[in-house]
Amino acid sequence: MNIILLGPPGAGKGTQAGLLTQSRGLVQLSTGDMLREAQASGSAMGKIVADVMAKGQLVTDEIVIGLIREKLEQGGTGFIFDGFPRTLAQADALEALLAEMGQGLDAVIELRVNDEVLVGRIVGRAEEARAVGQPVRADDNAESLKTRLMAYYKQTSPLIGYYHAKGLLKGVDGLNEIDTVATDIAALLGAAG
Ligand code: AMP
């Protein structure tokens, strides 16, 4: 089964994707992680995206679609898309890439949260990291967060209506405890896959 986790920054997509890799053996494809790896490796692409990411803006569709294409071309099935797609163009590209492999999407899980909680979570994540001397994400600051939330509402949230129309959208309350959210997702996905 191939599923998408949709939701604003700080909604818990990465955490839930990680749990789903364990419980269902799905392969997590996080474009945010891929882009951070590109930056850490000092590649040309990493350098191009660094500034855009630090500001909290979206990198180009071309770059992220290229990253996902590379992963999907290695074959396999059972993917969990975390932080991708974030635009309608990316959604179209994903559908085409999966169709080329004779596959499709089984579900889109929307993690529903509210903005105040998100800001608290992200600022908290940065403070915790700082307290123990760990590196803090360059985009975990109030300014970038505002841009990231705006990018979500403007560019990504239209995907909610799009996937709803396709009959794929399922929502869970992302404000619950991690385990409860995981149980709710498991119930939505059922025994399939
Ligand atoms: P994330 O770890 O998913 O919060 O992503 C961190 C940052 O990477 C985002 O704020 C964007 O700058 C960039 N990014 C990650 N995924 C995408 C995507 N699908 N489309 C555009 N930009 C992305």
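**Ligand, strands and a loop**

Modeller: This is a predicted model. To start with the ligand, one of its oxygen atoms is 2.5 Å from a backbone N or O atom of Q57.
Colleague: Which side chain has a polar atom 2.8 Å from a nitrogen atom of the ligand?
Modeller: That is the side chain of T31.
Colleague: How much of the ligand's accessible area does the protein cover?
Modeller: On its own the ligand has 480 Å² of accessible area, and the protein covers 96% of that.
Colleague: And where does the ligand sit?
Modeller: In the largest pocket.
Colleague: How many residues are around the ligand, and which come nearest?
Modeller: There are 16, and the nearest are T31, R36, Q57, G83 and Q90.
Colleague: Which helix gives the most to that shell?
Modeller: Helix α2, residues 31-41, which contributes four residues.
Colleague: Let's move to S30. Where is its place?
Modeller: S30 belongs to strand β2, which covers residues 27-30.
Colleague: Why is S30 classed as buried?
Modeller: Because its relative accessible area is 7%, and buried means under 20%.
Colleague: What does its side chain reach?
Modeller: The side chain of S30 reaches the backbone nitrogen of D33, at 3.0 Å.
Colleague: Now the strands. Which way do the residues of β1 point?
Modeller: Strand β1 is residues 3-6. I3 and L5 point one way, I4 and L6 point the other way, and all are buried.
Colleague: How many bridges join β1 to β3, and in which sense do the two run?
Modeller: Three bridges, and the strands run parallel. Strand β3 is residues 79-82, and I80 there is the bridge partner of I3.
Colleague: What about β1 and β4?
Modeller: They pair over four bridges, in the parallel sense, with β4 spanning residues 107-112.
Colleague: Last topic, the peptide bonds. Which two residues does a cis bond join?
Modeller: F84 and P85, with omega at about -5 degrees. Most peptide bonds are trans.
Colleague: Where is P85 found?
Modeller: P85 is in the loop between β3 and α5, the latter being residues 88-100.

Key: Residues are numbered from 1 along each chain as its sequence is written. This is a predicted model: local features need pLDDT of at least 70, side-chain atom pairs count only at pLDDT 80 or more; totals for chains, interfaces and linings use all residues. Side-chain values use heavy atoms; hydrogens and water are left out. Buried means under 20% relative accessible area, exposed over 50%, partly exposed in between (1.4 Å probe, protein chains only). Two strands pair if DSSP finds at least two bridges between them. A residue is near a molecule or strand if one of its heavy atoms lies within 4 Å of it. A polar contact is a pair of N or O atoms within 3.5 Å; within protein, one must be able to donate a hydrogen and the other to accept it, and residues adjacent in sequence count only if both atoms are side-chain atoms. Accessible areas come from the Shrake-Rupley method with a 1.4 Å probe; for residues, only the protein chains shown count as cover. On a 1 Å grid over the protein atoms alone, a cavity is a set of points where a 1.4 Å probe fits but cannot get out, and a pocket is an open set with protein on both sides within 12 Å along at least five of seven lines; lining residues have an atom within 4 Å of a point. A molecule sits in a cavity or pocket if more than half of its atoms lie within 2 Å of its grid points.
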